[in-house]
Amino acid sequence: MSGGVYGGDEVGAIIFDNGHQSLRVGYGGEDSPKAEIPTSLGVWEDATENSDSNHVGKKRYNIDVTAIQVRRKDMEIVSLMKDGMIEDWDMFERLAEYTYKQRLHALSEHHPILMTECPWNTRVKREKLLELMFEKFNVPAMYICKNAVLAAYANGRSTAMVVDSGATHTSAVPVHDGYVITQGIVKSPLGGDFITMQCRQFFEEKNIELVPACLVASKDVIREREAPRWTRKSGSQPTASWLSYMIRELLQDFQMNCLQVSDSPYDEDVANALPMKHFEFPTGYNDDYGSVRLMIPEALFDPSNVKGVGASILGVGPLVTTSVGMCDMDIRPSLYGSVVVTGGNSCLQGFSDRLNRDLATKTPPSMRLKIISANSSSERRYGAWIGGSILSSLGSFQQMWLSRQEYEESGKIILDKCA
Ligand SMILES: Nc1ncnc2c1ncn2[C@@H]1O[C@H](COP(=O)(O)OP(=O)(O)OP(=O)(O)O)[C@@H](O)[C@H]1O
Ligand SMILES: [Mg+2]
């Protein structure tokens, strides 16, 4: 190693892509992440004293899909993220420890780490992350990169308008030559969680009891719309946050399997003519769903009819046109020419087609519009991770790593090297 530049590229870099739904993690150079772990943890207080590694004072954490399904009367499900950024550093540290040990079976001090961040991450949080990874996890080198930039790379672009629809928000982020144009970022709080909430309201209005599979001990096979006959698993009464989280998972299943974005603005007749889809709940209750399949996701593209959503909240099309409008005239054609669609919620069937249609009517005729969305839903869900995987294995990137030596010599100022 010379001049503080990290030269340890013989071992694989590890890529961490954090979101409100999950942390995607795996090795650079690979096609997809090794693991996807919820960024919501089970948190409870332990009265007994012991020196278990998951023990911080009296707080205990249940991490990953199976452990958070455990029902405890005092376990709350808490997200470690807020507004796209890491909020609870203690929980993040536990999650990272677990990830290295249980999911990657790797030592943090052996692998450089590339972490994604949302485009509006703050300096204070970046510094905190740098400090945590160098001082607690002893990583040999690190880099922090904007998730929108990485999603553009994953789609073969260094200039693009990146539309990311995740769990908690949808954003339009202009990227030019690998840099985010910060003043052009536009976002709305309508993402997958909002769709889940709409589904929940719909079923509650129909008096359909939502019971997660992990609470159902047995159920009878019944006819459509018949009252379900099922028995509840014995055990303690869970907390409200746990129940909400498990119901969210059940509704996400409905979202993925039944919902579809209408290819033109919602029309009752078109929606009624849509083929029905059958859905069975864990209690055995089942029904065919028709127009609601288009009606619920319509709010993403036209929030004007949704109760409780302010007029200032933009649909996906206007997010993009507003964002482009805030960028320099010279680069607008290249942004409209590369609209990259990414994020789990963009996997809703018909999402890209509708965006194409809404934008086509708004794009100036002189500009070519091109929507770029990966074919498979996993490539769309893992866009930022895949971009990180590609970037970390480029020869030209190796000089970009922030090495431990640089950190020790210069401190947090080295973060200026990360765009
Ligand atoms: N195949 C699918 N069809 C429809 N929705 C999907 C599909 N796969 C994932 N989703 C939805 O995508 C959302 C999660 O997206 P993603 O993994 O991009 O979120 P995140 O990056 O963790 O969260 P955020 O961007 O808010 O921080 C969830 O609401 C989930 O229901
Ligand atoms: Mg995201």
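Guide: A residue is buried if 20 or more other C-beta atoms lie within 10 Å of its own, exposed if 12 or fewer and partly exposed in between, with C-beta atoms placed from the backbone. The model is predicted: local features need pLDDT of at least 70 and side-chain atom pairs pLDDT 80 or more, while totals for chains, interfaces and linings use all residues. Residues are numbered from 1 along each chain as its sequence is written, and chains are lettered from A and ligands numbered from 1 in the order written.

Visitor: How many residues of helix 13 are buried?

Guide: Helix 13 spans residues 383–392 (helices are DSSP runs of H or I, at least four residues, and strands runs of E, at least two, numbered from the N terminus). Among its buried residues are Trp385, Ile386 and Leu391.

Visitor: At what angle do helix 4 and helix 13 pack?

Guide: The axes (lines fitted to C-alpha atoms, for helices over the stretch in contact) lie 7 Å apart. The helices are roughly perpendicular (65 to 115 degrees between N-to-C directions, on a scale from 0 to 180; under 35 is roughly parallel, over 145 roughly antiparallel, the rest oblique). Contacting residues (C-beta atoms, placed from the backbone, within 7 Å) include Leu150 and Tyr153 of helix 4 and Ile386 and Leu391 of helix 13. The packing angle is about 75°.

Visitor: Which strands stand at the edges of the open sheet of 6 strands?

Guide: The sheet is mixed, in the order 3-2-1-10-11-22 (strands pair if DSSP finds at least two bridges between them). Within it, strand 1 and strand 10 pair in the parallel sense over 3 bridges, and Ile15 has Leu114 as its bridge partner. Two strands have a single partner each, so one side of each lacks a neighbour in the sheet: strand 3 and strand 22.

Visitor: Which helix supplies the largest share of the shell around ligand 1?

Guide: The shell holds 22 residues, with Gly19, Gln21, Gly166, Gly192 and Gly344 the closest (C-beta atom, placed from the backbone, within 6 Å of the molecule). Helix 5, helix 6 and helix 12 each supply at least two residues. The largest share, 3 residues, comes from helix 6.

Visitor: Is His105 buried or exposed?

Guide: His105 lies in the loop between helix 2 and strand 10, and has a positive phi of about 50° although it is not a glycine. With 8 other C-beta atoms within 10 Å, His105 is exposed.

Technical notes. Contact = placed C-beta atoms within 7 Å.
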